[in-house]
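This briefing concerns aromatic ring pairs and the surroundings of selected residues. Please consult the sequence and the model shown here while reading.

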Amino acid sequence: MSFAPGGTEDDFYGPDWRDHAVDAGWLDPRDYSLGAFDILMERQRQETEEGWSAEHDDKHIRGEMATVAAIYAHTDRDRFDALRAFWPATWDEKWHKPKTRREDLVRAGALIAAEIDRLDRAEKQERDELHRAEMEELQHQEEQRELERVEMEEHFRRNPHG
């Protein structure tokens, strides 16, 4: 998959990016294994049917999505021990809906993808904030230099000989 000319990194994060990518010819479902494609489709289902938007996911800053993914990835006999030990306290257990082994692994993959996307957005936001802070500092320095220049001119205007 590649972005068409004029596409931006931000195009990737919209809620309908998969549909747009297929329509634009950027994404061909036949390019992926069935498992990878099912993970993409499960992630889309989570977003559209469950309402788990990027804004919602961005609130899970303690690795909750990755933890739940790990629980879904556990084998059946180990899962309930993991569920009791690691299920995030902020998540209602009603969201644990085990199905077949394959479906649970697809869910785990979709949750991992959501966590990766959350990390990418957080990193981008951090970079943007750092850039904004650097630009504010540069502007402040420039204002200081201008103030010093004006003060110096004023000084020499009042004291032409020194």
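Helices are DSSP runs of H or I with at least four residues, numbered from the N terminus. The model is predicted. Glutamine 44 lies in helix α2, and the structure holds two aromatic pairs.

**Aromatic pair of tryptophan 52 and tryptophan 95**
- Tryptophan 52 and tryptophan 95 form an edge-to-face pair, with 5.0 Å from centre to centre and 75 degrees between the planes.
- This pair links distant parts of the chain, its two members being 43 residues apart.
- Tryptophan 52 sits in the loop between α2 (34–48) and α3 (54–57), whereas tryptophan 95 sits in the loop between α5 (76–86) and α6 (101–158).
- Tryptophan 52 has a relative accessibility of 22% and therefore counts as partly exposed.
- Tryptophan 95 is likewise partly exposed, at a relative accessible area of 29%.

**Aromatic pair of tryptophan 87 and tryptophan 91**
- The ring centres of tryptophan 87 and tryptophan 91 are 6.1 Å apart and their planes stand at 80 degrees, so this pair is edge-to-face; the cut-off for that class is over 60 degrees.
- Tryptophan 87 and tryptophan 91 are both buried.

**Glutamine 44**
- Glutamine 44 counts as buried because its relative accessibility is 12%, and buried means under 20%.
- The C-alpha atoms of glutamine 44 and aspartate 19 are separated by 9.7 Å, while the two residues are 25 residues apart along the chain.

Notes. Residues are numbered from 1 along each chain as its sequence is written. This is a predicted model: local features need pLDDT of at least 70, side-chain atom pairs count only at pLDDT 80 or more; totals for chains, interfaces and linings use all residues. Side-chain values use heavy atoms; hydrogens and water are left out. Rings of Phe, Tyr and Trp (its six-membered ring) pair if their centres lie within 6.5 Å; planes under 30 degrees apart count as stacked, over 60 as edge-to-face and the rest as tilted. Buried means under 20% relative accessible area, exposed over 50%, partly exposed in between (1.4 Å probe, protein chains only).
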